[in-house]
Amino acid sequence: MRRYLAFRILQALGVVAFVTTLSFVVVHLAPGDPISTTLQGSNVTEQTRQHWRVEYGLDRPIPEQYLRWLRLTARGDLGFSFSQRRPVRDVLADAMPRTLALTGLALVLSFALGIIVGLLQAERVNSPRDRWLGRVLLLMYSVPDFWLALMMLLFFSYRLRLFPPGGLHDAVMYDYMSATGKVIDAIKHLVLPVLTLTLLYTASIARIQRAELVSLTHSDWMRTAVAKGLGWTSAVRRHALRNALLPTITLLGVNLPALAVGAIFVERVFSWPGMGFVTVGAVGARDYPLVMAGVVVTSILVVCGALVADVAVSIADPRIRIR
Amino acid sequence: MHRSRLTSCHMKRFLPFVLAAVAVAGCKGTETAATAGPADVGGTIVIATPSDAGTMLPPLITGITDREVTDLLYDRLAEIGPELNTLGDKGFTPRLAERWEWSADSLSITFHLNPHAKWHDGQPVRASDVRFSVNLIKDPALGSTALPLLSNIDSVSVRDSLTAVAYFKKRVPDQFYDLVYQIAILPEHVLGNTPAAQLKTAEIGRRGIGSGRFRLAKWEAGSRIELVADTLNYRGRPKLDRIVFSIAPDFNGAVTRFFAGDADIFENLRAEQLPRLATDSARHAIRLPSLGYNFMAMNQVDPKTPGRPHPIFSERAVRRALSMAVDRRAMLKNVFDTMATFGFGPFPHTVSVADTTLPQIPYDTAKAKALLDSAGWLAGPDGVRSKNGRRLEFSITTPSSSAGRHQYAVLLQDAFRRVGAVVTLDESDFPSYIAKLNSHSFDAEMESFQTDPSVSGFKQTWSTAGIGGEGQNHASYSNLSVDAYLDSATNAFDPARSKAYARRAFEALMDDAAGIWLYDTPTMAGIHKRIRTAGLRADAYFSGLADWWIPASQRSERDKVGLRPTP
Amino acid sequence: MSDDSEAGHSLASTTRSRLRGDRRVWIAGGVLGLIGLVSLAAPLLAPFDPNAQLDIAHFAGQAPSRMHLLGTDPYSRDVLSRMLYGGRVSLTIALASVAMAVSFGTLVGVIAGYFGGIVDAVLMRFVDAAYSVPSLLYLLVVAALWGDIGVLRLTVLIASVAWFTVSRLVRAKTLLVRDTEFVVAARALGVSDARILARHVLPNVIGPAIVSSTLTVGNVILLEAGLSYLGIGVRSPQASWGNIIQDGAERLSDLWWLTLFPGLAILMTVFACNALGDALRDALDPRQLVAGPNDDSPHLTA
């Protein structure tokens with residue numbers, strides 16, 4: 001176990017190193033001088049710009065800048081966000097919990113939903129129920145994330161006016177609400193983004209879950225269980241479900257990068273000020289330090305999520321280990 | 001042309017039938033402004049805006065939200081009058097300076113500060129703050145966009161803690177205006193310890209400690225900026241308790257907030273919202289005066305080889321032909337319908353030197369083609385024109401943050417295609433767009449100018465002196481007769497003469513097709529009917545916000561929050 | 001010829017008969033064929049020039065009507081015509097980038113699987129690492145910072161993040177083939193690597209490569225649409241399904257047809273691709289006949 005853990009952590013660190021290098025290279029190869037674009041100005045003297053270049057180390061050769069950036073990043077100093085005019089760390093400290101709340105909530109809900117749907121399908125493989133649910137899931141799985149979000153926004157917010165069109169909470173009154181009022185307000189703002197993400201995630205989870213359940217139902221011990229007089233349905237529920245859950249979690253961990261993309265679009269459409277929203281905004285504002293930190297931190301979150309899923313599963317069932 | 005509160009009522013004859021009633025309603029509100037009683041203190045106004053502020057430091061403002069917020073937080077020495085006179089000190093009213101005296105030779109002005117004026121942190125406002133503010137904005141390390149406007153201000157000396165003397169290099173009509181309009185007074189004890197070069201990024205630039213009638217309560221990046229009444233202000237407590245700038249991620253979000261009742265004011269209404277407002281019992285539209293004008297600028301210098309003339313736009317015939325290819329009226333209808341006004345020339349129609357009777361280049365596609373033919377730009381087999389092997393192909397640079405300019409660029413792309421030009425759109429995020437403008441690396445670009453009330457503002461944009469450095473002449477347009485006319489207009493002490501010279505400068509620019517004049521910045525705002533406005537000045541409708549009020553009988557939940565301290 | 005290829009033959013024929021009996025193949029294939037045909041015939045079918053602004057003062061933002069079946073956009077261009085031509089662009093980008101991605105992914109997978117050892121380790125660690133980066137974020141940064149990159153470079157860029165799944169699948173299959181008795185014997189006899197690869201490995205990995213390319217087409221269409229929606233994919237005046245949505249996103253509440261119809265087109269195409277992919281996989285892999293997606297195909301590379 002310990003060896004496996006060490007291996008996985010080492011692997012994750014390798015990925016992090018790759019991602020940091022990649023994001024640094026991509027951003028620094030891009031055309032345009034970060035100083036002249038981020039600080040808007042030729043109405044700044046060359047002397048001032050030079051001062052800034054020195055201050056941000058942009059006058060050094062690229063490899064040296066890279067090392068400097070690595071050193072600072074490792075120390076937790078992510079630099080200064082030009083567009084938000086505060087340290088990048090503060091920006092991300094605000095954004096990260098919001099993304100985790102949104103995606104965490106959606107994951108929990110879609111897990112519950114996905115397992116139920118997967119189970120309903122696997123209980124009667126190739127029945128009309130299985131096929132119809134399968135089609136609906138495949139449809140949900142094929143839907144463009146941003147389009148689903150836009151349609152939800154159009155229908156539930158613009159047309160029916162049931163929910164606010166976006167944001168974290170009421171922009172004006174939140175600070176002046178009672179404690180209950182604040183909770184209700186926060187929930188109102190959460191419903192649409194969470195619902196959208198849940199729909200997107202459920203499609204993936206239910207498909208994986210069904211596949212795992214079905215492959216398990218072909219195993220010998222399922223046949224034994226049925227032979228022993230346990231009904232098919234209860235055999236699936238009692239034995240297969242428990243055994244299928246762990247691989248599903250593992251696969252979900254593997255697929256976190258794709259799920260993160262859905263979250264980026266949902267945050268964007270519902271202006272949920274999380275990691276995706278902040279990073280996309282920073283790209284638009286050419287806020288290089290925030291772009292780099294956003295990409296790196298999002299990727300680290302994804303890698304950590306996969307690691308946690310993997311390790312948790314391998315602790316629960318030592319037979320399942322991704323090599 | 002006078003620009004009083006009633007301007008918005010005069011406007012109604014330009015409006016279609018449906019809008020007339022709306023506009024009248026708006027003016028009614030304005031006219032009753034004077035009747036607010038003591039019970040009418042309180043209330044909250046929420047302004048929906050699609051863009052966050054970038055700074056709380058007046059010399060560093062770049063966007064409209066920056067401008068609105070800092071105007072409310074900081075005071076100037078004196079405030080320009082509603083008629084926007086910029087000659088001498090006529091019409092200016094006291095702010096931080098309770099009075100001032102001119103020296104006999106007009107080369108210095110002595111300002112006596114109001115002894116009751118205090119910063120929001122309780123410190124008194126001193127003459128040394130005036131000196132600090134002028135020195136700071138004149139420091140090139142700060143990088144203020146106002147810097148080129150202040151070359152005539154020599155220095156400020158401190159006579160005693162309440163008396164500051166400003167010295168000028170020469171006597172010009174706008175010298176008083178230059179000093180008081182461009183420079184907001186900043187607190188030295190707050191900002192003085194930070195090097196000027198670092199103020200653009202320093203955290204201190206977000207605190208907004210000024211001496212205005214509103215103070216900054218909270219700036220939640222990307223979400224809201226909340227100002228509350230400065231109850232102990234030397235000019236008296238504002239009638240409103242709070243002003244909240246509610247930052248929506250985009251245009252749509254801001255509109256939705258306005259119609260859902262989450263915001264009281266939305267500044268950039270579009271045509272498609274008008275029918276909705278006409279049937280809305282709680283909201284109406286008012287016309288806000290503004291000094292913005294928009295055009296397609298054509299670079300005179302080749303962006304690929306600086307120093308050489310642009311291979312397409314340096315030719316007057318091409319500029320005129322392209323102008324003829326554009327149906328400016330139809331485009332205005334498409335993008336803004338009645339929400340913006342026609343762009344007559346290189347000026348907003350609201351500015352005092354504007355002349356909307358100057359001859360226009362007419363829309364005539366056939367003539368445009370003929371003109372290109374005769375200039376040697378001949379159509380090839382694919383319909384694209386070329387001359388000496390150079391295809392009639394160029395890009396239009398637009399900021400992706402502006403929906404209106406983007407829409408215009410797409411319309412222009414098709415209009416130019418019809419006369420045989422290939423246009424690509426170069427959409428840049430706002431910082432990159434500004435960087436491209438400043439480095440002159442573009443072919444054509446969608447320019448939007450918010451001019452100053454003074455003629456000198458036009459020199460920044462159209463004179464040879466405005467090329468490069470801190471000037472705003474991004475297209476490097478240079479025309480000696482325009483230079484001369486603008487100089488004469490700026491130096492004339494008599495308003496009528498000044499206008500006559502400006503008119504000739506504009507005429508020359510229009511005849512030369514220096515740009516393709518498109519529209520004056522949209523000026524329709526949606527506003528909740530319970531709000532009574534006051535003092536809608538053309539350069540800054542928001543300057544009088546401290547005197548806006550909400551009758552006690554019409555208050556909403558938001559208005560009743562009162563002045564509880566912000567958590 | 002040999003045992004191996006005969007086994008391959010019978011496998012191929014069962015696969016074919018299995019495919020023929022699967023209704024999904026007919027329906028999804030039919031839908032895709034129809035979409036392809038309609039896109040090809042766009043110049044014949046489109047009622048208007050897709051890029052022409054018909055009458056900017058009077059026909060902009062018109063709701064669907066008899067004259068403009070799917071309405072017009074804010075520039076008075078006919079949405080139906082733009083969707084027909086936009087489908088061409090979206091599908092061309094998708095097919096081209098998938099062709100690139102699958103060729104490259106297959107190459108990498110075969111090399112890693114066949115030669116093993118350090119080559120395999122390096123290649124697969126790279127794939128693992130690249131797989132962990134949310135690809136949209138990476139594409140977004142690259143495309144946004146480089147400005148207008150054009151359709152060709154956009155295609156290459158999309159291909160650069162679409163080959164990971166293919167290479168994993170192909171590698172797994174190659175490993176199986178490499179260890180078959182026949183290949184081991186051929187190596188022992190001194191048959192060259194190139195010959196073994198061409199004769200025995202490639203024919204066997206083509207199946208998984210095809211399955212995964214069908215699924216990748218769907219994902220790539222989604223990716224291109226997403227980028228164009230964010231305003232950094234295909235640019236005006238050229239239409240793509242994603243940028244038609246972008247043209248209307250600012251005014252979603254009143255110009256809903258600009259969002260609804262292209263979205264449905266994307267959904268239908270991707271749905272058909274995925275259904276076909278599922279059917280192909282089920283047919284190619286008898287062990288997975290009843291199972292849905294398995295370990296190899298949680299193809300969420302978007």
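Reader: What do the buried residues of α1(A) pack against?

Author: In this predicted model, they pack against α4 (62–74) and α13 (288–316) of chain A, along with α5 (117–131) and α6 (135–146) of chain C. Contact here means C-beta atoms, placed from the backbone, within 7 Å. Helices are DSSP runs of H or I, at least four residues, and strands are E runs of at least two, numbered from the N terminus. Residues are numbered from 1 along each chain and chains are lettered from A, as written. Local features need pLDDT of at least 70, and side-chain atom pairs count only at pLDDT 80 or more, while totals for chains, interfaces and linings use all residues.

Reader: Which residues of α1(A) are buried?

Author: An α-helix has 3.6 residues a turn, so residues three or four places apart point the same way. Here the buried ones are Ala12(A), Val15(A), Val19(A), Thr20(A), Ser23(A) and Val27(A). Buried means 20 or more other C-beta atoms within 10 Å of the residue's own.

Reader: How do the axes of α5 and α6 of chain A cross?

Author: Two packed helices are described by the angle between their axes and the distance between the axes. For α5 (residues 88–123) and α6 (residues 128–142) of chain A, the axes come within 8 Å and cross at roughly 145°. Axes are lines fitted to C-alpha atoms over the stretch in contact, with angles from 0 to 180 degrees between N-to-C directions. Val117(A), Leu120(A) and Gln121(A) of α5(A) meet Arg129(A), Asp130(A), Leu133(A), Gly134(A) and Leu137(A) of α6(A) in this contact.

Reader: How many helices and strands does chain A have?

Author: Chain A has 13 helices and two strands.

Definitions and conventions:
Buried ≥ 20, exposed ≤ 12 C-beta atoms within 10 Å, placed from the backbone. Contact = placed C-beta atoms within 7 Å.
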